[in-house]
Amino acid sequence: MNQILAVQPDLEFKRTILGLDAGDLSACYQCGTCSVVCPISTDDDPFPRKEMVWTQWGQKERLMHDPAMWRCHQCQLCSTYCPREAKPANVMAALREYSVGFHAFPRFLGKWLSDPHYLPVLFGIPVVLLLFALALAGTLTDLPEGEILFRAFIPFLYVEVIFVIACAFALVAGIVGAVRFWRGAVKAMGDPGGAKVTSWEAVWAVVRDIFLHRDFNKCDDERVGDRPTHKTHMPTSHMAVFFGFGGLFITTTGLFIGIYWFDFFPPMSQTHPLKILGNVSGIAVIVAALVFIFRRVVDKEKAGKTTYTDWLFVTVLLLVAATGFLSQIARTADLPGLAYPTYFIHLTLVFFLLAYSPFSKFAHVFYRPTAMLIARYQEARHRMSG
Amino acid sequence: MTRKLGVYVCSGCGIGDCLKTDRLAEIAKDELGAAVVRSSAAFCLEDVQLIRDDVANEGVEAVVIAACSQRVNTDVFAFPEATVDRINIREQVVWCHNAEDPETQSMAEDHLRMGVARSLKRKPPVPYVESNERRILVVGGGVAGLNAALNAARGGFDVVLVEREARLGGVAARLHRQYPKHPPYQAPEEIPLEQLVASVEAEDRIQVYAGSRVARVSGEPGHFEVTVARNGTPLTFVVGAIVLATGWKPADEARLQRYGYGRVPNVITSLELEDMMMKGAVRRPSDGGAIKTIALINVDDATDEQQIPYSGNVESLVALKQALYLRAGDPDRQVYVAYRYMHAPGLNEYFYKSAQQDEGIFLTRATDRSVSRGEDGRVFVDLDSTLLGGRLKIAVDLVVLGTGMEPAAPETDGLNLAYLQGEGLPVNRFGYADSNFICFPYETRRTGIYSAGCVRKAMDLAESARDGAAAALKAIQCIEQSSAGSAVHPRVGDLTYPEILTRHCTQCWRCTQECPFGAIEVDQATRTPRVNPNRCRRCGTCMGCCPMQVISFADYSVDILSSMVRASTLPEGDDAAPRVLVLACENDAYPAIDMAGVNRAALPSSVRIVPVRCLGSVNRALVADAVIMGYDAVALMGCRSGEDYQCHFIHGSEVLQTRIANIREVLDRLALESERVQFLEVQISEADRIPEMLNAIVEKARALGTSPLRYTVE
């Protein structure tokens, strides 16, 4: 930490962060209460006190390669205890939002996702792709007759092609961003001093922590003081979304395997285990998304403003699950006029959610595990240096 | 001729439950010869009328009240026609001693005897009222001086204002802006100096001598003879009191060299930046280039002798002020502020917040700062241990250093006092005019001379203005007291003053040297000491130091104190109880013992407590008397001495400690244990230590055994 840093404050960066609902940042006078109350902050690398002053000083490079903002799980304890109402939690959220755009590959997509002006373009891409698929299938002008079959509306192959490409793109872009972040962070730490950068044990520990929501639970279990924060629902809500998504992933993969290996074609009966899993998972996601939205609206005063990207992500999340159910209901109720358009919207939203995941708030699936891994590395270094 | 004695024994506040008050009354009547003796359940209530009536109708001249401490009910027990002595049998006897113990009664009886002895020995004071000039001299025409003059004039006093420069205003005239003094305390403000100067010049009562110096001051409060050198011609007049508001000067440049000043181009002081702003534009001194980045550095990080002492919060707030006006002058500028301590007390917090809100101002603490030459006229600033973690290097166009405010040397450069102890005002280790800073902030060690503004401590314009007004009030107070023959602080209202029996004086002049306030001069004709009563603060240090014991006050002398000691009784017999005489300073030790009583602490009843004005007033003859009489030990309780002294009279307990060394030598010569005399340091707030301290000295006395001298003197 003792290298001399030639300081060149990036005022533009500072202004942007202040604009991302972190305007109270300036009030910080560096008392360090936030770092003390944070249940996740460690003695070796305490946060968010230093992130506050770095932001005040426009230290963009340093911040963009700082794992702390992704280790934060936004429990709001720091903001609750801040004696100056500088709202460190909002600053951390703003930094995360900025860093998603900063590390984005390709970069323009990062900008598009954070600017409402580009929303039509972003939706336009899947719409055009899907319309093209419908045109190929000949269902663009004439809806299929008879029993409602979504594969008759748009053949599986087309869906698979579009979504496999979208997912592959998202995966590559996300990994590129995460690697950039990783490299910058490791470089900022300087000479490793013999510590191994990473290991399978560390990776395994991170995976375990994620599945058990350990950091989330820390926010609740290891908290100090008794002031109520506004994010106590977070561990549960996030767990619902997390495993809901997991369930939907298994359902989709199962279906994929069923179709290509076993010639098993949907629709499945409502009592099929996979179907039950899918429905339960969907409900979990919807309920959690509703809780997220509800808390954001109800706690607006205390929890701070919700930015555009926050709304975009949580709304798309809700709509994905909701349109999924609606198309299922419309199909069962034999309402083709409702079922097919809803299904179309559903696919558009799923595309939006998955393909743009490295650039939206969803990007945390790439950055947060990376940051957790960096934190493990950091700890190892501190242990070695005694 | 003995004055008519009245003794009043109170039994309220638990006294009657603990003591045999009728026995005290009996002693007063039979043994001490009181003409009138009365008892009451509460003399402080309507029964005080009994005392008043006795004074008015019975001709009682010496009132002795055995009740509560002399520190309380002073307004109730005030009888202008008589002297009043208070025997503290409440706080120091019944509240801290066991009612069952016969020693408690004995202690009360002894304190009664001692109080009556004092009462019979004292003389009513004859006040000295010869110096009563009411004009006030204000030295220094800066904001503090101008306000002092204005406030004194508005208070109805004539003022002479002497300013060295040709124009009034002082440093304020050099300043571009001041930090805010009005709500919402967010932006730098204009300095309303012109109005202030105009109102001073318009005031009829104020005579301004600009371009003048004070050449000589002699005399005393109520009658200072002042000579002012004005355009080379001396001008002489008389004033009653003086306000010294000579301000400050920038710290020695050599001290700023460590921050690159004079060594690296484009490093200036904050005062030079103000000059630059007054001229209109901020440009790089080296090449006149534009200034986009500026580092404002507080020079408060040195820990060695290079340390620039005490600019206090002024330096911090000036840096914030300059950061804000530099930013306002050009919104593209980036301004860094590095400090070790950021002081923004009180409402200035709002100003600090407003600097924080400015996106182009970067604040950080840093413990080590070095400044070096950069490229193209730029300056590199290295900061260590910053809030950002580790070291920082900043390249800037201009470095502005805190100026460092040193008081205008009041010890050498000011009033040219015609005092035996020196021409200047004694200063403390920071160069400010010395006094008991906490208890008497405006007083200097020359009574009647009050310091105000930055010569007193580093402060801003608003505080200087208030300071000037406050010092003017002190000067007025001084004039009023002096002309009535009364002491000013801290013994306000004391009408006595030291009187020297010059025919017995050996002309050692020790009193002229030991007086903390330079009150005693040498009479050129008789070569004996001569007291200037109004310079005196009545501490009695002269009385304590005099080897011939020829200095005394009407109500306070070695003889009076000695009589009190001798009035107490010492038990005889082989296993007699120990007796310890406690001479307690009235300002710290005595209130602390009172407080121990209020807290119902358990104190040893073998002590006999005599209040003294200051330990400096304790003459070694008095201690010798107590030892020779047979006291087993003498404890001298006073305040902390040295650099952070707490003495109201500067060095009372310090000079006493050297006297103790002499006393101990005498004890050794008498083949007595020198530990029988001890100095005990106590602060007014240390009531909780009193039981431990007194018990320790009593145990010491017990361990040393009964004084062998106890049986030799009646």
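This is a predicted model: local features need pLDDT of at least 70, side-chain atom pairs count only at pLDDT 80 or more; totals for chains, interfaces and linings use all residues.
**Chain A at a glance**

- Chain A has 19 helices and 1 strand; helices (H or I, at least four residues) and strands (E, at least two) are DSSP runs, numbered from the N terminus.
- Along the principal axes, the C-alpha atoms of chain A fill a box of roughly 70 × 45 × 40 Å.
- In chain A, 42% of the 386 residues count as buried, a label for residues with 20 or more other C-beta atoms within 10 Å of their own, C-beta atoms being placed from the backbone.
- Of the contacts in chain A between residues at least 6 apart in sequence, 76% join residues at least 24 apart; a contact here has C-beta atoms, placed from the backbone, within 7 Å.

**Where the chains meet**

- Chain A brings 20 residues to the contact and chain B brings 15 residues.
- On the side of chain A that touches chain B, β1 (5–6), α1 (11–19) and α3 (49–56) of chain A each supply at least two residues, and α3(A) gives the most, with 4 residues.

**Domains of chain B**

- The assignment for chain B, which comes from an automatic or database source, gives domain 1 (1–122), domain 2 (136–247 + 408–483), domain 3 (252–404) and domain 4 (556–714).
- The C-alpha centres of domain 2 and domain 4 of chain B are 43 Å apart.

**A parallel sheet in chain B**

- An open, parallel sheet of 4 strands has the order β2-β1-β3-β4 in chain B; strands pair if DSSP finds at least two bridges between them.
- β2 (36–40) and β4 (83–88) of chain B are at the edges with a single partner strand each, so one side of each has no neighbour in the sheet.
- Strand β1 (residues 5–10) of chain B is joined to β2(B) by 5 bridges, and V7(B) stands opposite V37(B) in β2(B).
- Helix α2 (residues 21–31) of chain B lies across β1, β2 and β3 (62–67) of chain B, at about 170 degrees to β2(B); axes are lines fitted to C-alpha atoms, for helices over the stretch in contact, and angles run from 0 to 180 degrees between N-to-C directions.

**An antiparallel sheet in chain B**

- The order β8-β9-β10 describes an open sheet of 3 strands in chain B, with antiparallel pairing.
- Strand β9 (residues 223–230) of chain B is joined to β8(B) by 8 bridges, and V214(B) stands opposite V228(B) in β9(B).

**A covered strand**

- Strand β29 (residues 633–638) of chain B has 6 of its 6 residues buried.
- A633(B), A635(B) and M637(B) point one way from β29(B), while V634(B), L636(B) and G638(B) point the other way.
- In a regular strand, side chains alternate between the two faces of the sheet.
- β29(B) pairs in the parallel sense with strand β27 (residues 580–585) of chain B over 5 bridges, and 5 bridges also join β29(B) to strand β30 (residues 677–681) of chain B, again parallel.

How values were computed
Residues are numbered from 1 along each chain as its sequence is written. Chains are lettered from A and ligands numbered from 1 in the order in which they are written. Two residues are in contact if their C-beta atoms, placed from the backbone, lie within 7 Å. A residue is buried if 20 or more other C-beta atoms lie within 10 Å of its own, exposed if 12 or fewer, and partly exposed in between; C-beta atoms are placed from the backbone.
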